[in-house]
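Thanks for coming. I will go through a few places in this structure, one at a time, so please have the sequence and the model open.

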Amino acid sequence: MKRTELHVVVGAGVAGCLAAITRSRAGYAVVVLEKERARFAGTYPVCTQTSNIVSENHSGAEYPFDPQSARDCLDGRIVNDRFFPELIYSGKTYSRIIASQSMMTDGHDIVGQCRANMDVIRSHYAQRCQEDPANAVFGEPSAICREIPDVPGVLDVAAGFLTPQRGMNPVLVSTVLDWELRECGVDFREGSTVTTIDRRADGRYLVEYTSADGSAESLIADQVSLCAATAAFGMARKLNPALNFPRLFMALRGILYVDLPDGTDKNFTCLKLEDSYGGMLSPLNEHCAMIYHPPAAHIMNVVMNPETCEFPVEYRQYLTAGHPEMEERAERTLTRLRDFYPELARSEILGTYLKVAINTVSDSRIRRNIGVFGVQPGATMTVLPKWTMCVVNARTELRLALEHSVVNGNIEAGEVAELLAASIRSCWETSPAWADSVEACTDQARKHAINMRVPEVLALRFGNRADSITAGGSGSPDGNRDISE
């Protein structure tokens, strides 16, 4: 690089962290501006918002209604497997997709759709393996999906399928991202709220923000990356009023963490299709799981304001103070899913969380990757409806940044492919010392659970003990203590 560029990344969710890591690996000087502050000293507040309750690394099997999303998810899943260390998966290796007999009785051939989708996944995976043998992360294409004759203990089953979907433990993902940010030398500025971003006459960007101590600060950035979830839309529109977004639906949803007092050795995700949209059980370890039941979880669904790119004022209020129906909806979710999953018989709710889910259509059974927007030369915006697409989008985002540097004469065009490949290399080529110790790794992850305001029991992997972490302890939303002293 002829001149080291300064890049500012706004937001430290998974998209922002990956933008910062890959840009730093490419040779840029990177500053991350994150409005949240760490609740545990010595950690970065990463993935503290919507990312703190999203746990699925999809392979596309959950989209029998949407073959293109199935292909997109499989591509994302392959790249994620090659990028992230095994730690983040907490032992989960596959998913059970359960097709409901109720739908068949109502005349909807959900079994046929699932079978067709399995063929889509096998075919697309075979193509990717042919293109690059390193993509064969699931083994032979013919064996990655199979139908199972029954699903013991689960009601209303017409057919079951095993697929290579895995769960990503959000606490362990944050632990990995924190380490990689430090290894890359990223300048992480927590408690920093961006107030304005303006493009200067010289093509660079003036980024003004309020720092953690309340003072007004500014940076002159060669490039900016907007990764602040729903807030990024408004930032992008101010930089480029002519920017054309698709019609976007913004759903307010409730998702739960529950304990598993009887434990579980079922280290997989279950997804039931569909009996009033069915429900999901995703064990994070033997002691807790994430559960989701769309009829109870889907509180509101609105179209994003196309002019201001804002979502309703009541969303902001609910995300800050909670929704009046949260507790009732949470209890309804747990009660209903007990009909599907016997392991929830004695479970109790550890925490209820609200999130805003972004989609391009009103039907959540159909999903499109929204991807990366070129806002202005040197300014990008990454929207990540699903974690599955995080590395795919990071690669796209970095390519745009590198191409802009070529235009500015700071790198040669012939360097782009090499820098891109090197920057998307696997994490933990040299793993941290604590990664080899169960106790030390759990301790690191527990700090991030506290930052993320989720139950501390999420810090455990399958097979780890929970002697020092109580399932209903300080990680619950109302009981978190600050132990950073």
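Start at R23. Which residues does R23 contact, leaving aside its neighbours within four places in sequence? The list is H7, Y28, V30, Q223, V224, S225, T380, E397, L398 and A401. Keep in mind that this is a predicted model. R23 sits in helix α1, and with a relative accessibility of 0% it counts as buried. Among its contacts, H7 is also a polar partner: the two side chains are joined by a polar contact of 2.6 Å. For an idea of distance across the chain, take L458, which is 435 residues from R23 in sequence and 30 Å from it in space, C-alpha to C-alpha.

Now the strands around that helix. Strand β1 covers residues 6-10 and pairs with β2 in the parallel sense, over five bridges. On to β2 itself, residues 29-34. Is β2 largely enclosed or open? Five of its six residues are buried, so the strand is largely enclosed by the rest of the structure. β2 also runs parallel to strand β8, residues 187-190, and four bridges join them. In that pairing, V32 has F188 of β8 as its bridge partner.

Next, a separate sheet. Three strands make up an open sheet, ordered β9-β10-β11, with antiparallel pairing. Which strands lie at the edges? They are β9, residues 193-199, and β11, residues 216-221, each pairing on one side only. On average, neighbouring strands here are turned by 20° against each other, direction ignored. Strand β10, residues 205-210, is joined to β11 by six bridges, and the two run antiparallel. Within this pairing, E208 stands opposite S218 in β11.

Then the cysteines. How many disulfides does the model have? The count is zero, taking a disulfide as a pair of cysteine sulfur atoms within 2.5 Å. C270 is buried, at a relative accessible area of 0%. C288 is in no disulfide either, with the nearest cysteine sulfur, that of C441, 15 Å away. C288 is likewise buried, and its relative accessible area is 0%.

Last stop, H323. Where does H323 lie? H323 is in the loop between α8, residues 313-321, and α9, residues 326-337. Buried or exposed? Its relative accessible area is 11%, and because the cut-off for buried is under 20%, H323 counts as buried. A polar atom of the H323 side chain lies 3.0 Å from the backbone nitrogen of E325. Not counting residues up to four places away in sequence, H323 touches L252, I299, Y318 and L354.

To go back over the two buried side chains with polar neighbours: R23, at 0% relative accessibility, has its polar contact with the side chain of H7. H323, at 11%, has a polar side-chain atom 3.0 Å from the backbone nitrogen of E325. That is what I had to show.

How values were computed:
Residues are numbered from 1 along each chain as its sequence is written. This is a predicted model: local features need pLDDT of at least 70, side-chain atom pairs count only at pLDDT 80 or more; totals for chains, interfaces and linings use all residues. Side-chain values use heavy atoms; hydrogens and water are left out. Two strands pair if DSSP finds at least two bridges between them. Axes are lines fitted to C-alpha atoms, for helices over the stretch in contact, and angles run from 0 to 180 degrees between N-to-C directions. Buried means under 20% relative accessible area, exposed over 50%, partly exposed in between (1.4 Å probe, protein chains only). A polar contact is a pair of N or O atoms within 3.5 Å; within protein, one must be able to donate a hydrogen and the other to accept it, and residues adjacent in sequence count only if both atoms are side-chain atoms. Contact means heavy atoms within 4.5 Å.
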